[in-house]
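My notebook is open and the model is loaded. I'll jot down what I look up as I go.

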Amino acid sequence: MENINYLAKEKVSKLLGQFAIPCICSLVISCLYNIVDQIFVGNGVGYLGNAATGVIFPLTVIGWGMSLFFGDGAAAALSMALGQKRTADVPKYVANSILCSFFSGVVIIAISYAAGDRLLLLIGATEANLSLAHDYGFIIFAMMPLALVQNTLASIIRADGSPRYAMCAMLVGAIVNIIGDPIAIFVLGMGIQGAAYATILGQFISFAICAAYLTRSKSFRLSLSDFKPNASLLKRVMALGTSSLFTQLSIVVITVVNNILLVKYGAQSAYGADIPLAAFVVIMKLFQIVLNIAIGIAAGAQPIVGFNYGAKLYGRVRELLKLIIGWTFLICLFCTVLFETIPHFFIYLFGTDSELYTQFAVQCLRIYLSLIVFTCVQKVCAIFLQSIGHAKSAAPLSLLRDALLIVISLIAPLVLGVTGIFWAAPAADLIAMVITAVVMIRLWKELGRQEAEMNRNEGNYAVGSPAFQ
């Protein structure tokens with residue numbers, strides 16, 4: 001097994017580039033599975049097809065959240081254990097996380113198939129798009145256990161010091177999906193079902209590549225005994241992964257609540273129920289891309305942050321925090337400028353059936369994504385806290401913006417109608433950013449105090465050593 005002490009010695013900006021860029025690529029590529037479906041379905045089936053995939057989206061995000069619950073938790077535990085030179089439990093962290101992720105997928109399949117169309121109607125399907133949502137979702141659900149394991153493994157692989165391998169696994173699967181979508185939808189005439197089959201084929205290939213990594217991992221080797229459930233280790237993994245889980249589950253709640261509200265208030269407007277729903281689906285895809293770029297920066301930094309925090313190198317931890325926030329702010333600011341200046345480009349990319357739809361979607365895109373830079377900075381701060389083991393602070397901070405968004409979404413349309421649902425986002429972003437800033441300023445001071453204390457202790461040790469006698 002390879003030594004990864006370079007995480008404590010290499011220049012932090014260089015390390016962040018090495019780890020964050022492949023992680024960003026991996027997460028953006030993971031978005032492409034759903035987004036590529038969205039683009040081809042929008043152009044091949046119409047906006048009702050986009051609305052249908054949007055109905056399934058919350059259920060796939062629940063799966064994604066469970067995979068990150070165990071994957072990011074195991075990654076954080078692994079990184080800190082390596083920094084503290086406690087490696088005996090690392091294989092058990094990995095194996096238990098894989099096992100729990102797989103069975104989480106099994107549970108999602110069982111519930112989704114048992115509830116059937118009743119579940120789809122509950123989370124926002126309409127009579128117009130129900131059959132399309134059924135055709136798409138019931139194929140996607142079949143791959144859920146292996147798709148979850150693949151996501152969990154990707155987090156672990158990055159923490160093991162191989163972010164490029166995780167990126168390549170995602171890239172190969174995405175390419176298969178991109179090639180398969182037009183063939184299945186247009187050439188074979190399979191419609192929305194073709195998009196689903198292309199997606200699960202890509203997911204399976206990514207899973208196979210990630211699973212193969214276990215034979216060449218750097219810091220651990222798995223044995224059958226490692227898969228025996230260990231409650232104390234799982235408790236540690238789940239505590240560290242709670243922030244990632246809550247981040248994803250909050251997206252589910254937001255999507256479901258907004259789907260229901262959009263159908264309700266949209267039906268009372270000139271746009272009808274399906275136009276606001278379809279527009280929201282497209283906007284959320286764009287939101288997910290930008291958010292995943294930000295999360296990629298923070299998640300890519302997680303092994304470096306965890307290792308250095310475990311090794312008590314607090315000065316390097318503070319430097320990493322500055323870089324993470326700075327990179328996130330600049331990239332998200334650039335994306336905001338694009339959304340505000342050329343929104344039609346993004347709307348047309350996903351297909352458009354009417355001028356009324358385009359008008360509504362452009363207006364709401366500009367509103368909903370106007371302060372996405374705050375959203376992303378707030379989220380990466382929560383992930384940073386998770387990376388240094390501050391689970392009790394990370395979990396509520398990861399939920400803060402989304403809890404505010406849900407509350408404001410329920411109130412705003414009473415005054416502003418259907419567009420009020422979109423105005424809720426910048427309002428929540430602003431409030432959440434102010435609270436997050438207070439928390440992170442306190443953390444910055446605490447890390448500075450710990451760094452000064454470590455320097456004093458090292459100085460005292462040096463003075464008291466034989467060389468100074």
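This is a predicted model: local features need pLDDT of at least 70, side-chain atom pairs count only at pLDDT 80 or more; totals for chains, interfaces and linings use all residues.

Which residues does F207 touch, not counting residues up to four places away in sequence? I found L146, V149 and Q150 touching F207, where contact means heavy atoms within 4.5 Å.

Residues are numbered from 1 along each chain as its sequence is written, and side-chain values use heavy atoms, with hydrogens and water left out.

**F207, continued.** I placed F207 in helix 8, residues 191-213. Helices here are DSSP runs of H or I with at least four residues, numbered from the N terminus. With a relative accessible area of 17%, F207 is buried (buried is under 20%, exposed over 50%, partly exposed in between, using a 1.4 Å probe and protein chains only). I also looked up F103, which is 104 residues from F207 along the chain, and their C-alpha atoms are separated by 15 Å.

**Helix 10.** Next I went to residues 274-310, the 37 residues of helix 10. From first C-alpha to last it reaches 51 Å, close to the 54 Å expected at 1.5 Å a residue (the expected span is 1.5 Å times one less than the number of residues). I found a kink of about 45° at Q302, shortly before the proline P303; the bend is the angle between axes fitted to the seven residues ending there and the seven starting there. After helix 10 comes K312, with a positive phi near 65°.

**Rings.** I searched the whole structure for aromatic pairs and got 16. Rings of Phe, Tyr and Trp (its six-membered ring) pair if their centres lie within 6.5 Å; planes under 30 degrees apart are stacked, over 60 edge-to-face, and the rest tilted. Y309 and Y314 have ring centres 5.6 Å apart and planes at 75°, so I noted them as edge-to-face. Both Y309 and Y314 are buried. F345 and F346 are edge-to-face too, because their centres are 5.2 Å apart and their planes at 80°. I also noted one aromatic cluster, formed by Y271, F280, F287, F360, Y368 and F422.

**G351.** My last stop was the loop between helix 12 (343-349) and helix 13 (355-368), where G351 lies. G351 is buried, with a relative accessible area of 9%. Leaving aside neighbours within four places in sequence, G351 is in contact with N43 and Y357.

How values were computed:
Helices (H or I, at least four residues) and strands (E, at least two) are DSSP runs, numbered from the N terminus.
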